[in-house]
Amino acid sequence: MLAAPQQGIRLWRILQELTPLEQDALLYLSSAIFAIGQLFISTQADYVQWAEFALIPYAFVGLVAFAISRHARARSSRYTRVSLVLSLLVLCLVLPLSVSIAQRVNNVPGVHAQDEVAVIERCGDRVVHNQNCYLNTPHSVGTGAQNFSTATDSKAFVPYLPGMIIFGIPNGLTIPKPLRDARVSLTLFTLVVTLVALGLSRLSADDRVRLFQFVIILPTGALPLVTGGDDLPIVALLLLTLVLSYRKQPFIAGLAGGVAAVIKLTAWPLAFGLALVQPHQPDRRSRLRYGVGLISVLAPVIVVAGLIDPKAFFINEILFPLGLTKIKSPAESPLLGQKLVGLFGSQLHLYVVAALVIIGAELALLLYRRIRPATLSVMTGYVALVLFIAILLAPATRFGYLLYPANMAVWAIILRKLDRDLKKSVTPVESVASSSSVSQGRT
């Protein structure tokens, strides 16, 4: 029984001993294998088309990285890594996205984007015309975007928080059609926020490249950005929130976390979790400052959106994602939660969902007590594990949501170095001030 964990530990040590360029080669070749899987398994035309673009670049660049790693010096390999990353940025993201948008503009038959693209655009259309983003009586789910027809998903549910509106507004403006595609704003926003986060981080150049790979270059980033992209701005903003927290700027970090939380509910676990482990300042007010920043963005937006039409907001944001409306979410996967909901039928749907929520909450609490996250990286790892369990148990979910725990797991591993630096950076004056405040509180 102990053989599997021991083999896993041994494999992990072997991977750690590889050079960054050798690790890149493994990641790119694994991405090529993933692309092959999409070609043979996926039933979605836009996923298959992305795989057709990405397969050869991933495989070729992976082999090039492996070959160069046999000869390159440490200094030159760093520039080589960046060059390979930029080539994949063009070949696996920019090129397939451009072709997909061009096909949509020219009404080429077929589905050119996931349903969230048209849903976000319709939401933006309504806001531009002074209407509520959320429909009071939606009666359809999103469908794959084939063209720029404003009739597509005009009566669909909108399972996104109000912050998502900004990515749909360009579609209601009088600008060239390619720029109206929600994926353009989603991708540009993700790229800018990610680059800002990496620029502000105190990580090594190698670690910055690794984070950029997972957020943008690998299938965890490139595939969803090309086909939909609504989750990637959340990922980028959460990364920025972590970076600002490590820089001991809790209020600004809270603002970034608040922006993520006001776009999609998937940001909430980490955005709120980081409020518990902000690096301490001598006056121990960093958690409060982070919380104030977070709530100052989140609360007003949610309150205003809810007050405009409470029923519409409740139907779109609560009932529909939980699968409690007559029309079910199109999000599906052969995971445990959906299998259980399907097994017990519609009559027991509400009870099954409630049971899954209770079970998930209890598991999260047990894990919290066992892990006891006291640092930013440990909290990030804990949230990654909780999100993985939540995705497994969710009554309506997709495999694509796994990009959240995948990214956060990588962040947790890399950011441990910054946790050690934070401990070393505590000056004697700060230690004395901290101990003094504790002793005063006891007296």
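Residues count as partly exposed when their relative accessible area falls between the buried limit of under 20% and the exposed limit of over 50%. Phe314 is a case in point: with a relative accessible area of 43%, Phe314 is partly exposed. This residue sits in helix 14, which covers residues 310-319. Along the chain, Phe314 and Pro159 are 155 residues apart, yet their C-alpha atoms are separated by 10.0 Å. The model behind these values is a predicted one.

Zooming out, the fold is built on helices: there are 19 of them, and zero strands. The protein has 443 residues, and 47% of them count as buried. Among contacts with a separation of 6 or more, 74% come from residues 24 or more positions apart. As for the surface, the protein exposes about 21500 Å², with carbon and sulfur atoms supplying 68% of that area.

The largest nonpolar core holds 105 residues, and the members that touch the most others are Trp50, Ile216, Leu238, Met408 and Trp411. Helix 10 (residues 232-246) gives this core its largest share, namely twelve residues. Leu238 is worth a look on its own. Setting aside residues up to four places away in sequence, Leu238 touches Ala260, Ala267, Leu270 and Ala271, and also Met408 and Trp411.

Helix 5 (residues 115-128) packs against helix 7 (residues 182-200) at an angle of about 95°, and the two axes are 9 Å apart. Helix 5 is therefore roughly perpendicular to helix 7, since angles of 65 to 115 degrees fall in that class. On the helix 5 side, the meeting residues are Val117, Ile120 and Glu121, while helix 7 brings Ala182, Arg183 and Leu186. Sorted by class, this contact has four nonpolar residues, two charged ones and no polar ones.

Asp181 belongs to the loop between helix 6 (177-180) and helix 7. The relative accessible area of Asp181 is 0%, so this residue is buried, the limit being under 20%. Neighbours within four places in sequence aside, the contacts of Asp181 are Ile101, Arg104, Val117, Glu121 and Phe148. Two of these names, Val117 and Glu121, also turn up where helix 5 meets helix 7.

Because its relative accessibility is 10%, Pro162 counts as buried. Thr143, by contrast, is partly exposed, with a relative accessible area of 39%. In space, Pro162 and Ile263 are 6.1 Å apart from C-alpha to C-alpha, although 101 residues separate them in sequence. Beyond its neighbours within four places in sequence, Pro162 is in contact with Tyr134, Val262, Val301, Ile302, Ala305 and Phe313. Thr143 and Ala156 are 13 residues apart in sequence, and 8.8 Å lie between their C-alpha atoms. Not counting residues up to four places away, Thr143 touches Asp115, Ala118, Thr152 and Asp153.

Another proline, Pro219, is found in the loop between helix 8 (205-217) and helix 9 (222-227). Pro219 has a relative accessibility of 12% and so counts as buried. Its contacts, leaving out neighbours within four places in sequence, are Ser31, Phe34, Trp50, Tyr58 and Pro224. Trp50 is also one of the residues that touch the most other members of the largest nonpolar core. Pro219 and Leu27 are 192 residues apart in sequence, with a C-alpha to C-alpha distance of 10.0 Å.

Finally, there is the matter of backbone angles. Most residues other than glycine have a negative phi. Asn107 is not a glycine, but its phi is positive, at about 55°. This residue is placed in the loop between helix 4 (74-105) and helix 5. Arg372, likewise a residue other than glycine, has a positive phi near 50°. Arg372 lies in the loop between helix 16 (349-371) and helix 17 (376-393). With a relative accessible area of 61%, Arg372 is exposed, as the cut-off for that class is over 50%.

How values were computed: Residues numbered from 1 in each chain as written. Predicted model: local features only at pLDDT ≥ 70, side-chain atom pairs only at ≥ 80, totals over all residues. Heavy atoms only, no water. Helix = DSSP H or I, 4+ residues; strand = E, 2+ residues; numbered from the N terminus. Buried < 20%, exposed > 50% of the residue type's maximum accessible area, 1.4 Å probe, protein only. Contact = heavy atoms within 4.5 Å. Areas by Shrake-Rupley, 256 points an atom, 1.4 Å probe, with all protein chains shown as cover. Core = buried A, V, L, I, M, F, W, Y, C linked by side-chain atoms within 4.5 Å. Axes fitted to C-alpha atoms, helices over the stretch in contact; angles between N-to-C directions. Parallel < 35°, antiparallel > 145°, perpendicular 65-115°, else oblique. Nonpolar A, V, L, I, M, F, W, Y, C, P; charged D, E, K, R; others polar.
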